[in-house]
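Please take a look at the chain shown below. A short report on its fold follows.

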Amino acid sequence: MDILAGVSTEWLKWLTWIAALASAAVVLLLRRPRRPDLALFAGVQVFIAASLAAGIYVLNHLGEGRWGGDEEAKVDPPSLSETPMVGQFLEPLDGTLSGVANVVNEFVDFRAAFPVALDFFVAAGWALAAAVPVGLCVLIGNALENKRRKAEFASSQKELAQLRAELERVKHHVGYPADDII
């Protein structure tokens, strides 16, 4: 079952953008704390995957008129077997001519669909090029987040040490032995 059977080239392009924006929105809304750099990176990755999938889809459905293959006339070989008197001897040529015509028609379909598929592959390539600086932003964001977490951990360790020291002073003041309370 082909769920994209009625989708035109323009809608297929829009679907790649819609999938990318939807995934970026989902990442932005569901991730706590919200990090726009991660949402952008997820959107770019989904756009790359969707564009590649659309290009492959176009190449897998060459014979469809959506890609412009119906604009050129198809080659239709003449039937040589209907030729008077010698038609029965030319029957093997009918199969060969039909095969050649099918190959020519497939090439016409490929020639019409290839620029459409190439547009999707080029869009995926540009998105891949854009993913590099976005990925660097994600790395910088992760490094800053890691630095903040280490600072929080060090602060909590310092506070814990202060609380333990205060507990020891209270134990000493009350007169409890140091080994009874942890």
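How many helices and strands does the secondary structure of the protein come to? The count is three helices and zero strands. This is a predicted model. Read from the N terminus, the elements run α-α-α.

## Overall form

The radius of gyration of the protein is 34 Å. The globule rule gives 16 Å for 182 residues, so the protein is more spread out than a compact globule. Along the principal axes, the C-alpha atoms fill a box of roughly 125 × 30 × 25 Å. Of the 182 residues, 25% count as buried. Contacts across the sequence can be sorted by separation. Among those between residues at least 6 apart, 68% join residues at least 24 apart.

## How the helices pack

Two packed helices are described by the angle between their axes and the distance between the axes. Helix α1 covers residues 9–30 and helix α2 covers residues 36–60. Helix α3 covers residues 91–174. The table gives the values for each pair.

| Helix pair | Angle between axes | Distance between axes |
|---|---|---|
| α1 and α2 | roughly 155° | within 8 Å |
| α1 and α3 | about 15° | 12 Å |
| α2 and α3 | about 165° | 8 Å |

What follows from these angles? An angle over 145 degrees counts as roughly antiparallel, and one under 35 degrees as roughly parallel.

Take α1 and α2. Their axes cross at roughly 155°, and the two helices are therefore roughly antiparallel to each other. The crossing is right-handed. On the α1 side, the contact is made by L12, T16, W17, A19, A20, S23, A24, V27 and L28. On the α2 side, the residues include P36, L38, A39, A42, G43, V46 and F47. Further along α2, A50, S51, A54, Y57 and V58 also take part. By class, this contact has 17 nonpolar, four polar and no charged residues.

Now α1 and α3. They pack at an angle of about 15°, which makes α1 roughly parallel to α3. Here too α1 passes its partner in a right-handed crossing. T9, L12, K13 and T16 of α1 meet V116, D119 and F120 of α3. The classes are three nonpolar, two polar and two charged residues.

Last, α2 and α3. Their angle is about 165°, which makes α2 roughly antiparallel to α3. The crossing of α2 past α3 is left-handed. This contact has 25 nonpolar, five polar and one charged residues.

## The loop between α1 and α2

Which peptide bond is cis, with omega near -10°? The bond from R32 to P33 is cis. P33 sits in the loop between α1 and α2. For background, most peptide bonds are trans.

## Residues to look at

Start with T16 in helix α1. Is T16 buried or exposed? T16 has a relative accessibility of 4%, so this residue counts as buried. Leaving aside residues up to four places away in sequence, T16 touches F47, A50, S51, A54 and F120. T16 belongs to the contact of α1 with α2. T16 also meets α3.

V44 lies in helix α2. V44 has 13% relative accessibility and counts as buried. Beyond residues up to four places away in sequence, V44 touches A127 and A131. V44 and A130 are 86 residues apart in sequence, and their C-alpha atoms are 7.7 Å apart in space.

N60 is also found in helix α2. N60 has a relative accessible area of 59% and is exposed. N60 and F110 are 50 residues apart in sequence, with 9.8 Å from C-alpha to C-alpha.

D109 is in helix α3. What is the relative accessible area of D109? The value is 10%, so D109 is buried. Buried means under 20% relative accessible area. Not counting residues up to four places away in sequence, D109 touches L62, G63, G69 and K74.

Terms used:
Residues are numbered from 1 along each chain as its sequence is written. This is a predicted model: local features need pLDDT of at least 70, side-chain atom pairs count only at pLDDT 80 or more; totals for chains, interfaces and linings use all residues. Side-chain values use heavy atoms; hydrogens and water are left out. Axes are lines fitted to C-alpha atoms, for helices over the stretch in contact, and angles run from 0 to 180 degrees between N-to-C directions. Helices (H or I, at least four residues) and strands (E, at least two) are DSSP runs, numbered from the N terminus. Angles under 35 degrees count as roughly parallel, over 145 as roughly antiparallel, 65 to 115 as roughly perpendicular and the rest as oblique. A crossing is left-handed if the near helix is turned anticlockwise from the far one by less than a right angle, and right-handed if clockwise. Contact means heavy atoms within 4.5 Å. Ala, Val, Leu, Ile, Met, Phe, Trp, Tyr, Cys and Pro count as nonpolar, Asp, Glu, Lys and Arg as charged, and the others, Gly among them, as polar. The radius of gyration is taken over C-alpha atoms; the globule rule is 2.2 Å times the number of residues to the power 0.38. Buried means under 20% relative accessible area, exposed over 50%, partly exposed in between (1.4 Å probe, protein chains only).
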